[in-house]
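Trainee: Hi! Could you walk me through this one? I'm new to reading structures.
Mentor: Happy to, let's look together.

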Amino acid sequence: MFADFKFTNPDMFWLLLVIPLLLIWSYVRRNRMTSNIKVSNSKDFTIAAKSWKVKLMWLPILFRMLALALLITILAEPRSSTVKKDVVTEGIDIVLSLDVSGSMLAEDFKPNRLEASKKTAIGFIDDRPNDRLGVVVFAGESFTQCPLTIDHDVLKNIISKLETGKLKGGTAIGMGLATAVSRLKDSKAKSKVAILLTDGVNNTGIVTPETAAEIAEKFKIRCYTVGVGTNGTAPVPVQHPLHGKIYQQQEVKIDEDLLKDIAERTGGKYFRATDNKSLEAVYKEIDKLEKTKIDETSFEQFAEEYMPFAIGAGILLLMELLLNFMIFRKIP
């Protein structure tokens, strides 16, 4: 809702040109009405200070001209218009399924894969204000961290606190996808989307990725899969009994064929992210592919706004009358 102020008949403002003419006429008329007094010596008059009445004699005519300007403004028909919008959104239900296995601590992303994934996920949520979103985490097992919600502040807070080591070890891609599908299958939204992010190969879990993909396809859930990891090897921090934290170079293994198959079977798309910048680009691409439908109906209401100008003009004319009859009263 917003207000717009405008004048219906702005040509009336040309009448404002009359005001300078009236001021000139008033000045000439006042000079013509000035009386002359003959005195023997005018020296005392030249040194005498002018009284405050003399200094303020221009006030009545000023008030009259200002009142005239306000009356001309009223003739221009001021009014405000308020536009109200009825917005109907057709939101999309989206579940983010994030890998939190130990390999997500690899530092080929800055500061590591998990922190980079959390940051980009939060940015993605900020760009989807009209959608319900949820979060599933998985390693050797899966867990619903937050069900579908429109309370994005709560969701972002939960994502910011995600850590590795809370779930059983391993990478259960099938379980991560199956849990996301279970959160979306009963959704009434016309578009249901699962975004699966992992950096490894499925090596555990009671539900295979192929089975989870079949279930997603049955419930018309579109799956976008994201493989996270550089090409070649990546430094992974490990705890050494003598030297504390040290780094080992580990080969990056992502089952891209599996992730592509999941995406193609469900009508989604597979992405590969090798650094922070490309990961951000992945989420931006998904954001473009999944646009929320917004139907907007607007209508305009008008209100006449002459009253403040009329009151102002009345006050100025009243002040002119009071000054003329009480302070600047003329003697016949």
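Trainee: Is K220 buried or exposed?
Mentor: K220 counts as exposed, because its relative accessibility is 70%. Buried means under 20% relative accessible area, exposed over 50%, and partly exposed in between, with a 1.4 Å probe and protein chains only. Before we go on: this is a predicted model, where local features need pLDDT of at least 70, side-chain atom pairs count only at pLDDT 80 or more, and totals for chains, interfaces and linings use all residues. Residues are numbered from 1 along each chain as its sequence is written, and side-chain values use heavy atoms, with hydrogens and water left out.

Trainee: Thanks! Where is K220, then?
Mentor: K220 sits in the loop between α8 (209-218) and β7 (221-228). Those labels are DSSP runs numbered from the N terminus: helices are H or I with at least four residues, strands are E with at least two. The phi of K220 is positive, near 55°, and K220 is not a glycine.

Trainee: Why point that out?
Mentor: Because most residues other than glycine have a negative phi.

Trainee: What is the phi of E77?
Mentor: E77 also has a positive phi, about 60°, without being a glycine. You'll find E77 in the loop between α4 (59-75) and β2 (78-90). E77 counts as partly exposed, because its relative accessibility is 37%.

Trainee: And which peptide bond is cis here?
Mentor: The one from K110 to P111 is cis, with omega near -5°. P111 belongs to the loop between β3 (92-99) and α5 (113-126). Most peptide bonds are trans.

Trainee: New topic: in what order do the strands of the open sheet run?
Mentor: The order is β5-β4-β3-β6-β7-β10, 6 strands with mixed pairing. Two strands pair if DSSP finds at least two bridges between them. At the edges stand β5 (142-149) and β10 (270-273), each with a single partner strand, so one side of each has no neighbour in the sheet.

Trainee: How do β3 and β4 pair?
Mentor: They pair in the parallel sense over 7 bridges, and β4 covers residues 132-138. For D99, the bridge partner in β4 is F138.

Trainee: Last one: where is M326, and is M326 buried or exposed?
Mentor: M326 is in helix α11 (residues 307-327). M326 counts as exposed, because its relative accessibility is 63%.
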